[in-house]
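Me: I've got a model open on my screen and would like to talk through its salt bridges and one of its helices. Can you walk me through them?
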Amino acid sequence: MNPANGWNPSKMQCSPHALRTLEFDKIRDQIAERTASPLGKREIDRLAPTDDLELIDVLLQPVLEGMDLIAFGEPISVHKIPDAGPSLASSAAEGAMLTVQELLGIGEILTASRRLHSYMSENRQKYPRLWILTQPLQA
């Protein structure tokens, strides 16, 4: 989640003791292990507790849809997605070229994005919040 969606990782102040008692780091680590990309892992690593009930409800809705999709939907497999950030950053200089391996990694990202966007478009009635989250993949 990002600040543009109203999520602020520093919104709630929790004592280190409270976070240890709640085992927040362990929960966050377990979620991060299940991400398909380094970018997803970075987003999970930024998560922090909040006491804003409205925000909790907004952020929980796609999670509940995801649980429903996993339990009752047609499965979609998204394998580990490579991190194209370093490749794209190094290619920004004029005359820079990507290696074959880097191009293949970007191809994997594009293929996974297209598959996920297509799947969510076909299932947008069942999973409207997840569908909204996948809309940037169509660009």
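Me: Is D83 buried, partly exposed or exposed?

Reply: Quick heads-up: this is a predicted model, where local features need pLDDT of at least 70, side-chain atom pairs count only at pLDDT 80 or more, and totals for chains, interfaces and linings use all residues. Residues are numbered from 1 along each chain as its sequence is written, and side-chain values use heavy atoms, with hydrogens and water left out. Buried means under 20% relative accessible area, exposed means over 50%, and partly exposed is in between (1.4 Å probe, protein chains only). D83 has a relative accessibility of 30%, so D83 counts as partly exposed.

Me: Which side chain does D83 meet in a salt bridge?

Reply: A salt bridge here is a side-chain nitrogen of Lys or Arg within 4 Å of a carboxyl oxygen of Asp or Glu. For D83 the N to O distance is 3.4 Å, and the partner is R42.

Me: What covers the buried residues of α4?

Reply: The buried residues of α4 are L55, L59, P62, E65, G66 and L69. What covers them, counting contact as heavy atoms within 4.5 Å, includes α6 (100-122) and α7.

Me: Where in α4 does the kink lie?

Reply: The bend at a residue is the angle between axes fitted to the seven residues ending there and the seven starting there. In α4 the kink is about 30 degrees and comes shortly before the proline P62, at L60.

Me: How many Å apart are the end C-alpha atoms of α4?

Reply: The expected span of a helix is 1.5 Å times one less than its number of residues. The 20 residues of α4 should therefore span 28 Å, and this agrees with the end C-alpha separation of 27 Å.

Technical notes: Helix = DSSP H or I, 4+ residues; strand = E, 2+ residues; numbered from the N terminus.
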